[in-house]
Amino acid sequence: METRVRFAPSPTGHLHIGNARTAILNWLFAKHTHGTFILRIEDTDLARSADEYIGQIYEDLKWLGLHWDEGPDVGGPHQYYRQSERLDIYQQYAQQLLASKKAYYCFCTPEELEQMRGESLARREDVQYNRKCLYLSEEQQRSLLAQGRKPAIRFHVPSGDIVFFDLVKGDLRFEGDSIGDFVIMRSEGIPTYNFAAVVDDGLMKITHVIRGDDHVSNTPKQILLYRAFGFELPQFAHIPMILGPDRTRLSKRHGATSIDHYRYRGYLPEAIINFLSLLSWSSVSGDEILSIQQLIDEFDFRRISKSAAVFDIEKLNWMNGYYIRQLDNDRLLSLVTPFLKQANYDISDQLRLKKVIALIKDHMEQLDQVVEQAAIFYRDQVSFADNEARAVVRKESSQKIFWSFLRELHSIAELDANIFRDMMKTVQKETGIMGRDLWQPIRVALTGHLHGPELPLIAEILGRDKCEKFIRAAISN
RNA sequence: GUCCCCAUCGUCUAGUGGCCUAGGACUUAGGAUUUUCGAUCCUACAACGGGGGUUCGAUUCCCCCUGGGGACGCCA
């Protein structure tokens, strides 16, 4: 049987890390099984949904490389793929439940419901709808309707346990009595999430529902709906949540959580996918650096752990740096160019830029760091990073080195890495200073930093004249 | 309050009764290399939440406790 999975985000903001992980897992599974990956936009929350976010979701997904086979923009055999365009379908299915008495009108107002909830809570009782409207007679309903009251529609939850097998959680059991009659249609004729999702998943013939852990308690409700409609039940796979460092659900207060933030900071999609895959999952081999193809090949629900995972930015950074180091220089050059342009660097000398990139490649964990890393090559004046750097330059021995270095510089016409090394040897002999004490002052004079890329190559790229200028500046500092 | 789920180094995880003196990765600390820095390589620190069972033997199976998370909405 062909597998059909869907990623169904709500356009209420940017694509979130957690949602992205859900999308990735759905996509990986679709690829693994040669199935169909569907994008469905769940925009039934009129107040919070916005069209602009739909475009952003497309962009983020495309950037990650997760292309969909059916969706609002590409169409497909189960038109439409935006819930706001399917309102009449939901209406029709709701009427069907009403007719078969599996659902009923509820005239309670939000205020009344709120009050009821408050009272139950105060009495330390279960907060469930009390089925007040279930017992309304036909006449009462008619008169309420005649008054112009707009009722919501509630599903009448039958008693009895609901059991199902979850691909990652295993056997799950819920007591029917612990589930209250839930609203499937709001008074304005808009479906609620649980209802719309089931109608769509049923109609779109979704075979596997892969989604976040936070939906497990929705699942029994949905199963009841599937049964009420006679839809074939999909397989469920509830993947663990991603947590912040304080072990609560990852959210804005933990820092950047939207995928586009990571895109703009210069994280690589393959690093993001690799990293996110490793949350609550591990490969059989234990390898952690895995290509997209390997992730597709190795996808297996049985290897997804049941417990939540903390999002560790440190490890993501390391992994992104690793992926950057693996990039070939031309590719890195093109990836990094937009950042340099944005920072107004004069990158007309591409040959020089290439040397710069090759040099700082090992020092980057995010692409946007190219701006600060390359800064030393695109300025006319050295500024010292901190007091420690300034102190190094001011040391008496450092000043000795500078004078000696300057003399050497005057004896040459052109500077390259090898000549620089020879010069350093001479300076060492002349001053009797060696090792760190010799190299660090020159590094700081040339770059302003205590740390940085290989010094001879820095000198080569800077060139004779700039080196002279910077050393002179360090002397008079 | 009710329902559901989870529990191995600081973090991500391996582990499905003996191979575990619990393995790997990130982080941190040392070292090697580099006459400097980074990258790289090596080494080290560091965990089975507690209590009961079952068993010849429990990280692994069962129960309780504790801790954490999620849901209980005319949000998704």
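How many bridges join strand β4 to β7? In this predicted model, strand β4 (residues 152-155) is joined to β7 by two bridges, and the two strands run antiparallel. Within β7, V183 is the residue that stands opposite R154. This pair of strands belongs to an open sheet of three strands, arranged in the order β3-β4-β7 with antiparallel pairing. The edges of the sheet are taken by β3 (103-106) and β7 (183-185); each has a single partner strand, so one side of each is left without a neighbour in the sheet. On average, and with direction ignored, neighbouring strands of this sheet are turned by 45° against each other.

Strand β8 (residues 208-212) pairs with β9 in the parallel sense, over five bridges. Together with helix α7, the two strands make a right-handed β-α-β unit. Strand β9 (residues 235-239) is mostly covered, with four of its five residues buried.

Like β9, helix α7 is mostly covered: nine of its eleven residues are buried. The buried residues of α7 are T219, P220, Q222, I223, L224, L225, Y226, A228 and F229. After the helix comes G230, a residue with a positive phi, near 75°.

Part of the surroundings of α7 is supplied by another helix. Helix α3 (residues 87-99) packs with helix α7 (residues 219-229) at an angle of about 80°, and the axes of the two helices are 11 Å apart. Because angles of 65 to 115 degrees count as roughly perpendicular, α3 is described as roughly perpendicular to α7. On the α3 side the contact involves Y93, Q96 and L97, which meet L225, A228 and F229 of α7. Sorted by class, the contact of α3 with α7 holds five nonpolar residues, one polar residue and no charged ones. L225, A228 and F229, the residues that α7 brings to this contact, are also among the buried residues of the helix. The spacing along both helices can be read with a general rule in mind. An α-helix has 3.6 residues a turn, so residues three or four places apart point the same way.

Definitions and conventions
Residues numbered from 1 in each chain as written. Chains lettered and ligands numbered in written order. Predicted model: local features only at pLDDT ≥ 70, side-chain atom pairs only at ≥ 80, totals over all residues. Heavy atoms only, no water. Axes fitted to C-alpha atoms, helices over the stretch in contact; angles between N-to-C directions. Parallel < 35°, antiparallel > 145°, perpendicular 65-115°, else oblique. Contact = heavy atoms within 4.5 Å. Nonpolar A, V, L, I, M, F, W, Y, C, P; charged D, E, K, R; others polar. Buried < 20%, exposed > 50% of the residue type's maximum accessible area, 1.4 Å probe, protein only. Pairing = 2+ DSSP bridges. Right-handed = clockwise from strand over helix to strand, strands pointing away.
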